[in-house]
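Here's a quick briefing to read with the model open beside you. Have a look around first, then come back for the details.

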Amino acid sequence: MMNRRDVLGLAIAAGAASAVRPATARSEGNEAPRFRIVDSNVSLFRWPFHRLPLDDPDLLVKKLRSLGIAQAWAGSFEGLLHRDLAGVNRRLAEACRRHPELIPIGSINLELPGWEQDLTSCITEHSMPGVRLHPNYHGYTLDDPRFVSLLKSATKAGRFVQIASAMEDVRTQHNLVRVPDVDLAPLPEIVAGLSEARVQILNHRLRSPLLDQLAKTPGVYFDTARVDSTDGVPKLVDAVPPGRVLFGTHAPFLVPEAALIRVHESGVLDDSRLNAVLAGNADRFSGKLKA
Amino acid sequence: MNSPNVQLGLPTPERLKQFRIWDSYFTPSYSHPGPDGSSRLIADIERSLPAIRKGEFQKLCYFPHVGVGTTSDADFEKLARTNPDVTLKALKRWPDMLLGMIQLNGNDVRASLDALNRWLRDGPMLGVYFPGGGPAALPCSHRNFHKLVERIAELNGVIMQHTWFTTGGKLSPGASTPSELAELASQFPEQKFVCAHAGGEWERGIRAVQNSPNILVETSGFDSTAGFIEMAVRELGAGRIVFGSHLPSRSLGTELAKVLGAEISDDDKRLILGANYRKLLQPILSKGE
């Protein structure tokens, strides 16, 4: 067994050989030729509570490119607390037009008068393939009839709906803006009643039995952004039917490399299933968006 | 199984090796090693091995229970007290990879002092870990810590203190905050302390220990929230940050990406990923010479 002297000897010997080359992780993480990557969960602009290193869309896109991410579905942090959502979605659409990788996903707040017009604008004016909801920040629950109404309208228009079940760990939130995670329990029954509906749950940390119920519901999809533990993503992939886990980073709030490393670090997913999580499932879910 | 050369999001293996990564916070079967004293622990280490290899980690420090009341399992506690081989099993299996720091019980000073003699004075453990939950948790500003810290200092041991600033208040009465650690550290200016998880809510945690030069912050235990490392380097300096993986309950991705993805220099990354921790361990490692 190694004693303390052995440990120190190893440390000193290794120290003489250490000279870290100046290069960045992101420049070396690009395996785009082997893996197409679609990030189903990024957001643009300023997080309301502190600055983020990548809260400038130009910097975010530069980072995503360096990681080999070919397409990113972008919501807006402004959609959490702003009430002029028409303006929020217009700025989002404009920013995405400047970056071919970014696909705008508009925000809808069902508590606001005229949310139906925002949905129409997202679909017809901005040609968005889906919309993102923040029920916990906006103050309604998923058994609200307005949610069912929105889901019907979006589905009829061929759009998907993303539900951000959380944006931040409740333990670290601002003391005056404490927002519990979204209660997803009503979702299976609602989605089961709409055969063509496509709903993706973002930033979740789902466990049984709710995960099992959601997995049994066709039309419910999941992202990877906050699925933690060294083998958490493969366990999620195994727990739900094929095609239901889409890669997502929750960048720039989270460091995007985190989710990217997590999908492969355990070595459990073979290349076929990695490709499905990284892009194939997203392509099928969205109908293969053109970036 | 994916081929081992998948490196998405990571630097090349050669470059990772050059960072010489020493993990200060490895948590296999963290709350209980299994009724036989090792089976769950070893299973969790094996579960972590693919990530350890992919990250090119050189060493990892875990926190064994040694029978001082850090679990609620009376049978295991007795086993750990009476059969030290149980505690050594993982270290013997991975002698080149594992380092150990014993979990102490601030509520039982006498047993903890005995354990310090058994495991730090006589080796092979390098320090102690004060948990933030379970039967051994006690806020580190409690006077019980004084005798323990004095003895740990005599033995040149490293102190890892679990900390969290939880919005809305502590989740358990035994939890410690970075502010409480700063209070303790101010009374032992020659002793180094590690503020595990930087308080979780790191914007407050970094501020709480900023004026305590004998406190370093550890990086694991919360989402890979962007900006953490940049703020820590700016406010504390890269020399006061040590990397932790929290494997396997957290992940290589979540924890290593905090450092690798940060907008800081490679020299700073090298300090955080291993050099600072080796420096912290040097006094007790040198004692074995």
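**Helix packing in chain B**

Helix α8 (residues 202-209) of chain B packs against helix α9 (residues 228-236) of chain B at an angle of about 15°, their axes 10 Å apart. Here an axis is a line fitted to C-alpha atoms, for helices over the stretch in contact, and angles run from 0 to 180 degrees between N-to-C directions. Helices (H or I, at least four residues) and strands (E, at least two) are DSSP runs, numbered from the N terminus. This is a predicted model, in which local features need pLDDT of at least 70 and side-chain atom pairs count only at pLDDT 80 or more, while totals for chains, interfaces and linings use all residues. Residues are numbered from 1 along each chain as its sequence is written, and chains are lettered from A and ligands numbered from 1 in the order in which they are written.

- α8(B) and α9(B) are therefore roughly parallel to each other. Angles under 35 degrees get that label, over 145 is roughly antiparallel, 65 to 115 is roughly perpendicular and the rest are oblique.
- α8(B) goes past α9(B) in a right-handed crossing. A crossing is right-handed if the near helix is turned clockwise from the far one by less than a right angle, and left-handed if anticlockwise.
- On the α8(B) side, the contact uses W202(B), E203(B) and I206(B), and α9(B) brings F228(B), M231(B), A232(B), E235(B) and L236(B). Two residues are in contact if their C-beta atoms, placed from the backbone, lie within 7 Å.
- Sorted by class, that α8(B)–α9(B) contact has six nonpolar, no polar and two charged residues. Ala, Val, Leu, Ile, Met, Phe, Trp, Tyr, Cys and Pro count as nonpolar, Asp, Glu, Lys and Arg as charged, and the others, Gly among them, as polar.
- Another pair to look at is helix α5 (residues 109-121) of chain B and helix α6 (residues 144-154) of chain B, whose axes come within 10 Å and cross at roughly 10°. That makes α5(B) roughly parallel to α6(B).
- In this pair, V109(B), S112(B), L113(B) and L116(B) of α5(B) meet N144(B), K147(B), L148(B), R151(B) and I152(B) of α6(B). The class count for α5(B) with α6(B) is five nonpolar, two polar and two charged residues.

**Strands in chain B**

- Strand β7 (residues 215-218) of chain B is covered on both faces, with I215(B) and V217(B) buried on one side and L216(B) and E218(B) buried on the other. Buried takes 20 or more other C-beta atoms within 10 Å of a residue's own, exposed 12 or fewer, and partly exposed is in between, with C-beta atoms placed from the backbone.
- Strand β6 (residues 193-196) of chain B runs parallel to β7(B), and three bridges join them. Two strands pair if DSSP finds at least two bridges between them.
- C195(B) sits opposite V217(B) in β7(B).

**Chain A overall**

- Chain A has 13 helices and nine strands.
- Of the 291 residues in chain A, 48% are buried.
- Among contacts in chain A with a separation of 6 or more, 73% come from residues 24 or more positions apart.
- Six strands of chain A form an open sheet in the order β4-β5-β6-β7-β8-β9, with parallel pairing. Its edge strands, β4 (106-108) and β9 (245-246) of chain A, each pair on one side only.
- Inside that sheet, strand β5 (residues 130-133) of chain A and strand β6 (residues 160-164) of chain A pair in the parallel sense over four bridges. V131(A) stands opposite V161(A) in β6(A).

- The A251(A) to P252(A) peptide bond is cis, with omega near 5°. You'll find P252(A) in the loop between β9 and α12 (256-262) of chain A.
- In chain B, the G123(B) to P124(B) peptide bond is cis too, with omega near 5°. P124(B) is in the loop between α5 and β4 (127-130) of chain B.
- S127(A) isn't a glycine, yet its phi is positive, near 55°. This serine, S127(A), lies in the loop between α6 (115-125) and β5 of chain A, and with 10 C-beta neighbours inside 10 Å it counts as exposed.
- S229(A) also has a positive phi, near 90°. S229(A) is in the loop between β8 (220-223) and α11 (232-239) of chain A, and its 19 C-beta neighbours inside 10 Å make it partly exposed.

**Where the chains meet**

- Chain B puts 62 residues in contact with 58 residues of chain A.
- On the chain B side, the elements giving two or more residues are α1 (13-19), α2 (39-54), α4 (84-93), α10 (252-260) and α11 (266-287) of chain B.
- By class, that side of chain B has 22 nonpolar, 22 polar and 18 charged residues.
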